[in-house]
Structures are given as C-alpha cells and as structure tokens.
Amino acid sequence: MVDFAEASEPPRMVDRTPATSGMPPVEAAFAPPEGQTWSRVDSAFTWYRKLLAALVAVPVAVLGGTALGIWQGWPWGAVCALAALAAGATAWFGAARIRDSWGYAEGRSDFLIVSGIVVRQLVVVPYGRMQVVDVTSNLLEQTLGIATVRVRTAATTADARIPGLSLEDATALRDRLAARSETFSTGL
C-alpha cells in the first residue's frame, strides 16, 4: 500500500505526449491514438439525422398542436406546433455537426470511439474484453445504405456503437473487430 501523505511529491497521473502538447486540453483529451486519425462515419448519416428530425417534428407539430389547440385553445396549440418545428429545424441544421462528431480508431490493443458536441465522450474498449460485435440497420438506414456497429462487453454501461457506417465499412469493421477480439482474448 502506498501512503501518499508521506510522499515528497504528489503522484503524477498523466504525462503529456509530444503529439498533444500543443493542443487545447479538451482537444488533447479527445485526440486519437498517437500516429492515427479518427475514421469518420458516412455522409449519408447526415441525411439519416435530417429525416429523423422531420419524421418526428412534423407529426408532433401537427398532432400535438391540434390536440393542444382543441384542449387549451388555439394559442397554446400554435405555441406547441412552433416549438416542435423549431426543435426539428435545430436538429435538421445540426445534423452535419453531429455526423462530424462521430469517429473511431483501431489502436494496437484498444478500440476507441469518440462522439458528442455538447457532451463529448471517448469510449475505449480493449479488444480482449469484446464479447459480441454486431451490425444492425433499421429500414431508414437500409434505404440510405448505412448501418450501426455495436460492440458489447461484459460491462454494459458503455455505449460502444458507431452509427452511420456504409454497409461495406460496417461489415468489414465487424470482421476486423471480431478477429482482433479472438487474438486478444482474456480468457473470460
């Protein structure tokens, strides 16, 4: 056991590497492994997000605005409809930024996923802890030719998924991750 109270110096947790020393701290915290760049999702993911925004905002505006207008009066119905349309417009115009926030990298011993605009997240999954790698695609994704790759481990608290990959990239990534998880098996 280490007694930090008696230590002459406080413990150092992380040394800055030369590759991230010139970056702002937030960018350095979410940087890809040294010598790599983030692989980004397909541009069709932008259209997927836009279509989802429209498919939710328009019915909520029409049905919710009508129902609230009948129940509470037309001014409240109009406010509901305008709020739903404003939220839909925000999602529509933010779709490209959301797509740009997603990335993944295959490190030597770990698989890394980065995402988020307001709340950024970096998920690191050791290859040896991967139990299942699956590819899913709902009807809208199938129409756009994209899929989601999900990595499952024994600890199900992490959201280890990459949406918006082309079907070819998704199946190739699934195969690479499955092969690497076999190579790095920890015997669980």
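Modeller: Ser115 is buried, with a relative accessibility of 10% (buried means under 20% relative accessible area, exposed over 50%, and partly exposed in between, using a 1.4 Å probe and protein chains only). The model is predicted, so local features need pLDDT of at least 70 and side-chain atom pairs 80 or more, whereas totals for chains, interfaces and linings use all residues. Residues are numbered from 1 along each chain as its sequence is written, and side-chain values use heavy atoms, without hydrogens or water.

Ser115 belongs to strand β3, residues 110-115 (helices, H or I of at least four residues, and strands, E of at least two, are DSSP runs numbered from the N terminus). Apart from neighbours within four places in sequence, Ser115 contacts Ser101, Trp102, Arg120 and Gln121, where contact means heavy atoms within 4.5 Å.

Turning to the aromatic rings, there are three pairs (rings of Phe, Tyr and Trp, the last by its six-membered ring, pair if their centres lie within 6.5 Å; planes under 30 degrees apart are stacked, over 60 edge-to-face, the rest tilted). Phe45 and Tyr48 are stacked because their planes meet at 20°, with centres 6.0 Å apart. Both residues lie in helix α2 (residues 44-72), three residues apart, about one turn of the helix. Phe45 is buried at 3%, and Tyr48 is buried at 11%.

Trp47 and Trp92 form an edge-to-face pair, 6.0 Å between centres and 85° between planes. Trp47 is in helix α2 and Trp92 in helix α3 (residues 74-101), so this pair ties together parts 45 residues apart in sequence. Trp47 is partly exposed at 47%, and Trp92 is partly exposed at 29%.
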